[in-house]
Amino acid sequence: MPLEIKVLDYGDIELESSFLVLGRGCGQRKRTYTYGFLILGGPWPVVVDTGYRHNQIMESLGMRGLQFHENMIENQLMKYGVRMGDVRYVAHTHLHIDHAGKDELFPMNTTVIVNRRELEYSVSGLMHPQYPAPDIKHLIDRLHTKHALRLEDLELTGMIELFPGCYLEAAGAHTEGSMNVHVDTVEGRATICGDVIYDFNDQIINPYHEIHADEPRVTGNHGTTKRQEKAAIKKLLNSSRFLLPVHDKPAKVEAGQVVARLDMAVPGPVTQSLPARSWFPA
């Protein structure tokens with residue numbers, strides 16, 4: 001069975017617009033998606049990111065959680081006939097408040113995969129309070145339980161294979177320990193890229209307040225340098241056919257440009273085409 005990615009809808013978040021795209025709409029509220037991903041077609045189901053714990057916890061960041069019954073992770077998995085106990089691995093792009101809130105619902109023999117640098121970073125205080133205590137304390141419980149936690153050192157090992165067709169690689173952006181998950185589908189490589197990209201339109205397609213050709217706009221929320229953020233986005237655009245961030249719908253990429261948008265499955269039907277801009281000689 002070929003590998004495919006199903007997008008899981010964990011609910012929305014209402015937050016300040018410039019948090020998502022640097023300098024955009026300061027003081028204005030914006031609503032955005034929160035997605036997770038289910039990788040099917042491999043030896044076992046794999047989940048990437050688990051969303052936020054509950055609506056109230058988002059208030060600690062001045063945000064509003066909009067999570068309803070249908071957004072519960074167990075209900076999202078059941079749409080594809082997968083139970084929590086069927087999942088072999090939960091891999092995390094990173095451990096922010098809206099990415100690791102439901103880990104404790106999985107049994108301890110479902111192994112959680114984290115880049116070791118991300119676990120260290122989560123207790124550094126550098127992006128407090130985006131790493132809430134209940135989520136991180138649960139990971140410490142897993143740290144002391146045999147086979148409940150798998151730590152990678154992706155900055156040192158380079159890309160590693162989780163199973164044939166599925167690979168983990170350091171993202172080099174957003175947080176010091178973020179990682180990308182690459183999945184080789186029949187239509188090309190799809191990369192789950194966490195929060196390196198928040199918003200395709202205002203960061204890449206029509207970058208907000210950028211005047212240089214093919215220069216992406218960074219997010220308003222990152223723990224690395226702007227040069228690292230821009231480089232990581234450019235690397236994604238030049239190495240994958242599909243990109244799947246957590247807070248926007250998937251995109252199809254050709255020659256470093258976003259050419260189409262997709263909905264809740266990759267590969268899947270195109271929902272919007274983006275024609276290339278015309279260029280004429282002077």
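First, a term I need: I call two residues in contact when they have heavy atoms within 4.5 Å. A note on what I'm working with: this is a predicted model, so I take local features only at pLDDT of at least 70 and side-chain atom pairs only at pLDDT 80 or more, while totals for chains, interfaces and linings use all residues. Residues are numbered from 1 along each chain as its sequence is written, and side-chain values use heavy atoms, with hydrogens and water left out.

**Entry: Pro-45**

I looked up what Pro-45 touches. Leaving aside neighbours within four places in sequence, Pro-45 is in contact with Leu-38, Ile-39, Leu-40, Val-82, Asp-86, Val-87, Arg-88 and Tyr-89. Pro-45 sits in the loop between strand 2 (29-40) and strand 3. Is Pro-45 buried or exposed? Pro-45 counts as buried because its relative accessibility is 18%; buried means under 20% relative accessible area, exposed means over 50%, and partly exposed is in between (1.4 Å probe, protein chains only). I also checked Val-90: it is 45 residues from Pro-45 along the chain, and their C-alpha atoms are separated by 9.2 Å.

**Entry: the annotated domain**

UniProt, in an unreviewed entry, lists residues 46-210 as "domain: Metallo-beta-lactamase". UniProt positions are in the numbering used here, feature names are shortened, and annotations may be inferred rather than shown by experiment. I find 21% helix and 24% strand over residues 46-210, with the end C-alpha atoms 37 Å apart.

Asp-49 has a positive phi of about 70°, although it is not a glycine. I place Asp-49 in the loop between strand 3 (46-48) and strand 4 (64-66), and at 0% relative accessibility it counts as buried.

His-174 isn't a glycine either, and it has a positive phi of about 70°. It lies in the loop between strand 9 (166-170) and strand 10 (179-185). His-174 is buried, with a relative accessible area of 0%.

Then I looked at cis peptide bonds. The bond from His-128 to Pro-129 is cis, with omega near 5°; Pro-129 lies in the loop between helix 3 (116-122) and helix 4. The bond from Val-266 to Pro-267 is cis too, with omega near -5°. Pro-267 falls in the loop between strand 15 (265-266) and strand 16 (270-273).

**Entry: cysteines**

How many disulfides does a search of the whole structure find? I get 0, taking a disulfide as a pair of cysteine sulfur atoms within 2.5 Å. Cys-166 is in none, and the nearest cysteine sulfur, that of Cys-193, is 14 Å away. Cys-166 counts as buried because its relative accessibility is 0%. Cys-26, at 57% relative accessibility, counts as exposed.

**Entry: Glu-215**

Glu-215 is in the loop between helix 6 (200-205) and helix 7 (226-237). At 19% relative accessibility, Glu-215 counts as buried. Its contacts, leaving aside neighbours within four places in sequence, are Gln-203, Pro-207, Glu-210, Lys-230 and Lys-234. With Lys-234 there is a side-chain polar contact of 3.1 Å. By polar contact I mean a pair of N or O atoms within 3.5 Å; within protein, one must be able to donate a hydrogen and the other to accept it, and residues adjacent in sequence count only if both atoms are side-chain atoms.

On a 1 Å grid over the protein atoms alone, a cavity is a set of points where a 1.4 Å probe fits but cannot get out; a pocket is an open set with protein on both sides within 12 Å along at least five of seven lines, and lining residues have an atom within 4 Å of a point. Points are joined across faces, edges and corners, and a volume is the space filled by probe spheres set on them.

The largest pocket holds about 620 Å³. I count 23 residues in its lining, with Ile-204, Ile-205, Asp-214, Gln-257 and Arg-277 nearest its centre. Strand 14 gives the most to that lining, 3 residues.

I find 2 cavities of 30 Å³ or more, and the largest cavity has a volume of about 100 Å³. Among its 16 lining residues, Phe-19, Met-63, Asp-98, Tyr-198 and His-247 are closest to the centre.

Technical notes:
Helix = DSSP H or I, 4+ residues; strand = E, 2+ residues; numbered from the N terminus.
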